[in-house]
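Please keep the sequence and the structure in view while reading.

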Amino acid sequence: MHMDDHDDGQDPKEKINYKAAFRLLYGLVKTRKRPFLVAFVYMSAATLLNLLIPIIAKYVIDTALPAKDPRALLLATGVYLATTLLFLYFNYLQVLQLARAGQGLIVELKHRILAHMLTLDLEFYAATPVGRLNARVQSDTSTLYALFTNTVITIVNDLMMFAVVFFVMAYYNLKLTLMLVPMFPVLAGIGWVFVKVTSPMFVRVRKIAAEVPGFLTEQLNGVGVLQAFGREADTSLKMEALNQKKFTAEINVELYTVVFFLSIVFLHPAATAAVFYIGGQMTLEGRLTVGVIVMFILYLGYLFEPIFRFSEHLSIIQRSFSAGHRIAKILELRPTLTEPDKPRFMNTVRDSIEFRNVWMRYKEEAGWVLKDVSFKLPRGRSLAILGETGGGKTTVTSLLFRFYDFQKGHIEIDGTDIRKLSLGSLRSAIGLVQQDIYLFPGTVMDNLKLMDTSIPDSRVHDAIRLMGIEAFFKKHPLDKKVKEKGANLSIGEKQVISLARAMVLDQEVLVLDEATSNMDPHTERLITTAIKNLLRHKTVIIIAHRLSTVRNADRVMMISGGEVKELGTHDELLALGGLYSKYYRLQFGEGE
Ligand SMILES: Nc1ncnc2c1ncn2[C@@H]1O[C@H](COP(=O)(O)OP(=O)(O)O)[C@@H](O)[C@H]1O
Ligand SMILES: [Mg+2]
C-alpha cells in the first residue's frame, strides 16, 4: 500500500518553483491580454458605479431632504436606479467576458498538457500513476481557471476600490478617515498570524484529502483479491481511520478559519461604532453632516468586503502556484526518444528486419539485458522467440518499436538504421499484440478498427475470414458493447480480438508478445489456426511458450539471460539436441 503515494503527486515539503509556475501562468495570459483587460475594464466600471451609491445617499440626506425638494429626490432616486442597473449590466458583461477568456485559456492549457503527455516515453507512464496525470489535466487546470477568472482580477479591482473609497472618504472628512487607519495594522497582524498558523495545516489537509481517493482506488481495483481473502473488514477499518484523520485535520483548520473570520467580523462593528460615536460627536458640534456619517458607514461595508475575500484568494493563489508548478514540471519533461532531425519515412518492410550485435540495458547502473543479439527476419517470414521469463524477449521487440533505445550494435529495416526512421512511420508499420490487452469502451467493431472510423466494415469482415475465425465472432457479434477495460470479456477472448485487430489494421509486420498465453484449449485451437493464417500473410515476430504456436514459425530463436542461445528452424534446433529440444520434450514429453 502506498499511503504516501498520494494523488497530489507532490511532496508537501517539495519547494514550489514559483518562477517556473509564474512563467507558465504568465505565458498563458500573455497572448490573451486584451480579453482580460476588457474584463477588467467592465469590472472597474461596475465597481465605480457601486461606489456612487453612498454618495447618492449623502445627497439625499444632506441636500434633497433639507431642501424639501421633491424634484431633487426624484432625481436622486432615478440616478440610484440607473446606477444600479448599469452596475448589474457591467457585472454581467464582466462575468461573461472572464468566463470566455478563462475557458479559452484552460482549453489551450489542457490541450497542451495532453498533447505533451502523449509524446512522453513509456518509462514516464510506468513511473506515474494514471490518476495523477488525470489530476494534472482536470483539477489543476480548474484551480487555474478560478485564479484567472476570479482571483487575479478581483484582487486588482479590490485594491483599486480600497484606494478610491479611501480617497473619497478623506475628501469628505479627513479626520474621521484617519481615525480608521489604526484598524489596518490590526487586520494585517491577524492576517499574518492566520497565514502562518494555518499554512502547514492546509498542506496537511490537502495531503490527507488526496490520500483518501488514492486508497479507495487501490482497494476497489483490488476488490476481487480483498474478497477472496476475506479482507473487506480490514480495508473498511483502514478507510475509517483515514477518514477520521481527514475529519480531525479539516476541523482544526475550520476552527482557526472561523476564529480568524470572527475577529475580522468584529473589526467591522468596532469601526462602525467609532464612526457612530466620534462622527456623531462631530455632528453634534456641527462639524459633520448626517449624510457623511451614513456614507462612511456604507463605505465601511465596501472596505470589509475585500478583506473577507482575502483568505479565499490566498488559498487559490497558493493552490494555483502548486498546480502551475506541477503542470510546468510535466511540460518540462522531454521524451528521450524523439523524431530524428531528417527522418526517413517507411510504409512497409520491403526486404528485412535485422538485429546486429545489439546490446541493451535499461539503466546505466543496471546490467545488460540484451547481450550481442543478432538475427535477420526477411519480409513475409516469421520468427518465434522462446526463453525463460525475464530472459529479454519483450525487450527485443520493444527495441524494434523504439520504445527504448539500445546502447551498442545496429537495428536496421531494409538496411536503414531505425534511429534514422520517422518514429511515427516506424510504429505504424509494425503492429503489436500484447499479453495484457487494453480494449477501449465501444463495440467489438470499434475495437477491431482501433476507433478509426475511416476503415470500411468490409476490411474487418475480410480480416476475420482470412484468419478463419468467423465462428468466434458469431458468438461475440461485432456490435457487442465492450465494457470499460473489456471487463465483459475473458483474457483469451480479448486476445482473439486484438489478433484480429492487428490483421484489420493491415500492418506488414506484427509482433505477438505472448498473445496466446491465456486461452482455453478451444480458443487456443481457434487461434492457432488464426495465427497460422496470419503467418502466411505477414512478417511476424511471435513470442510464445506454446510449441504448437512456435512450430508454425519459420525460425526459432532461444533467448536466455539476454543472449541468443540457439537460432534455426524447428527441425534444426530439435536435431541440435540443445535447449530447444529439451524444452520441446518437456512440453510434448507425454506425447501429442
Ligand atoms: N522497463 C524496464 N525497466 C527496467 N528493467 C526492465 C524493464 N523491462 C524489463 N526489464 C528487465 O529486463 C529483463 C528482461 O525483461 P523482458 O524483456 O521483459 O523479459 P521477457 O519478456 O523475456 O520475460 C528483466 O530482467 C526485466 O526485469
Ligand atoms: Mg515478456
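## Report on the sheets, helices and ligand shell

Strands β11 and β12 form a hairpin with two residues between them, and Gly 561 in the turn has a positive phi of about 55°. Strands here are DSSP runs of E with at least two residues, helices are runs of H or I with at least four residues, and both are numbered from the N terminus. Two strands pair if DSSP finds at least two bridges between them.

The model is predicted: local features need pLDDT of at least 70, side-chain atom pairs count only at pLDDT 80 or more, and totals for chains, interfaces and linings use all residues. Residues are numbered from 1 along each chain as its sequence is written, while chains are lettered from A and ligands numbered from 1 in the order in which they are written.

Strand β11 has Ile 559 opposite Gly 387, and the bridge partner of Ile 559 in β12 is Val 564. At the other end of the order, Val 433 has Leu 512 in β9 as its bridge partner.

**The four-stranded sheet**

A second open sheet, of four strands, has antiparallel pairing and the order β2-β1-β4-β5. Its edges are β2 (370–378) and β5 (416–417); each has a single partner strand, so one side of each is left without a neighbour in the sheet. Strands β4 and β5 form a hairpin with two residues between them, and Asp 414 in the turn has a positive phi of about 50°. Trp 359 stands opposite Lys 408 in β4.

| Strand pair | Sense | Bridges |
|---|---|---|
| β3 (residues 382–387) and β11 (residues 555–560) | parallel | five bridges |
| β11 and β12 (residues 563–568) | antiparallel | five bridges |
| β6 and β9 (residues 509–513) | parallel | four bridges |
| β1 (residues 352–360) and β4 (residues 408–413) | antiparallel | five bridges |
| β4 and β5 | antiparallel | two bridges |

**The ligand shell**

Which residues surround ligand 1? They are Ala 126, Tyr 362, Val 369, Gly 387, Thr 389, Gly 390, Gly 391, Gly 392, Lys 393, Thr 394 and Thr 395. A residue is counted if its C-beta atom, placed from the backbone, lies within 6 Å of the molecule. Helix α11 (residues 393–400) gives the most to this shell, with three residues. By class, the shell has three nonpolar, seven polar and one charged residues. Here Ala, Val, Leu, Ile, Met, Phe, Trp, Tyr, Cys and Pro count as nonpolar, Asp, Glu, Lys and Arg as charged, and the others, Gly among them, as polar.

**A helix pair and the domains**

Helix α2 (residues 33–64) packs against helix α3 (residues 70–119) at an angle of about 160°, with their axes 8 Å apart. The two helices are therefore roughly antiparallel, a term for angles over 145 degrees. Their contact comprises 26 nonpolar, six polar and one charged residues.

The domain assignment, which is automatic or from a database, gives domain 1 (18–332) and domain 2 (352–588). Their C-alpha centres lie 56 Å apart.

How values were computed:
Axes fitted to C-alpha atoms, helices over the stretch in contact; angles between N-to-C directions. Parallel < 35°, antiparallel > 145°, perpendicular 65-115°, else oblique.
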